[in-house]
Amino acid sequence: MNYNNPAQSGRTAFLNCVDRDENPVDGRTHANAKLEWFRGWDEASNKKCNGIEIGDGNFSGCDQSGGDCPTCGL
């Protein structure tokens, strides 16, 4: 868990198949970070990326698994 960027931690958790209910942030001591983690998780779960366009409307595909997609950044 990266408290400097909880939204990115939430996105990474989604990509690593962590359930939304498994938010690791303590809501009593870090309520804003908990909400940001949820925001990041929700953002990643709703994002559909086709990858990079390789020409003529064809796309490479994106599995959103490594955090290094040049199109979506996930």
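## Overall layout

The protein chain contains two helices and two strands. Read from the N terminus, their order is α-α-β-β. The model is predicted. Its mean pLDDT is 84, and 89% of the residues score at least 70.

The chain has 74 residues, and 28% of them count as buried. Its accessible surface is about 4,900 Å². Carbon and sulfur atoms supply 44% of that surface. Now take the contacts with a separation of 6 or more: 36% of them join residues 24 or more positions apart.

## Helix α1 and its cover

Helix α1 is mostly covered, with seven of its 10 residues buried. The buried ones are Pro 6, Ala 7, Ser 9, Gly 10, Arg 11, Ala 13 and Leu 15. What covers them? Helix α2 is part of the cover.

## The nonpolar core

Which residues form the largest nonpolar core? There are six: Ala 13, Val 25, Ala 33, Trp 37, Phe 38 and Trp 41. Helix α2 gives the most, with four residues.

Setting aside neighbours within four places in sequence, Trp 41 is in contact with Gly 10, Arg 11, Ala 13, Phe 14, Val 18, Asp 19 and Arg 20. Two of these names come up again below: Arg 11 belongs to a salt-bridge network, and Arg 20 pairs with Asp 42.

## Salt bridges

Side chains of opposite charge can pair when their charged atoms come close. This chain has four salt bridges. In one of them, Asp 42 meets Arg 20, with N and O 2.6 Å apart. Asp 42 sits in helix α2 and Arg 20 in the loop between α1 and α2, so the pair ties together parts 22 residues apart in sequence. Both residues are partly exposed: Asp 42 has a relative accessible area of 25%, and Arg 20 has 32%.

Arg 11, Glu 36, Arg 39 and Glu 43 are linked in a network of salt bridges. Within it, Arg 39 pairs with Glu 36, and their closest N and O atoms are 2.7 Å apart. Both lie in helix α2, three residues apart, or about one turn of the helix. Arg 39 also pairs with Glu 43, at 3.6 Å between the closest N and O atoms. Glu 43 and Arg 39 are four residues apart in α2, so about one helical turn separates them.

## Two positive phi angles

Where does phi turn positive in a residue other than glycine? Cys 17 is one such place, with phi near 65°. Cys 17 follows α1 and is found in the loop between α1 and α2. With a relative accessible area of 69%, Cys 17 is exposed.

Asp 56 is another non-glycine residue with positive phi, about 55°. Asp 56 is placed in the loop between β1 (53–55) and β2. Its relative accessibility is 82%, so Asp 56 counts as exposed.

How values were computed:
Residues are numbered from 1 along each chain as its sequence is written. This is a predicted model: local features need pLDDT of at least 70, side-chain atom pairs count only at pLDDT 80 or more; totals for chains, interfaces and linings use all residues. Side-chain values use heavy atoms; hydrogens and water are left out. pLDDT is the predictor's confidence in each residue, from 0 to 100. A nonpolar core is a set of buried Ala, Val, Leu, Ile, Met, Phe, Trp, Tyr and Cys residues joined through side-chain atoms within 4.5 Å. Buried means under 20% relative accessible area, exposed over 50%, partly exposed in between (1.4 Å probe, protein chains only). Contact means heavy atoms within 4.5 Å. Accessible areas come from the Shrake-Rupley method with a 1.4 Å probe; for residues, only the protein chains shown count as cover. A salt bridge is a side-chain nitrogen of Lys or Arg within 4 Å of a carboxyl oxygen of Asp or Glu.
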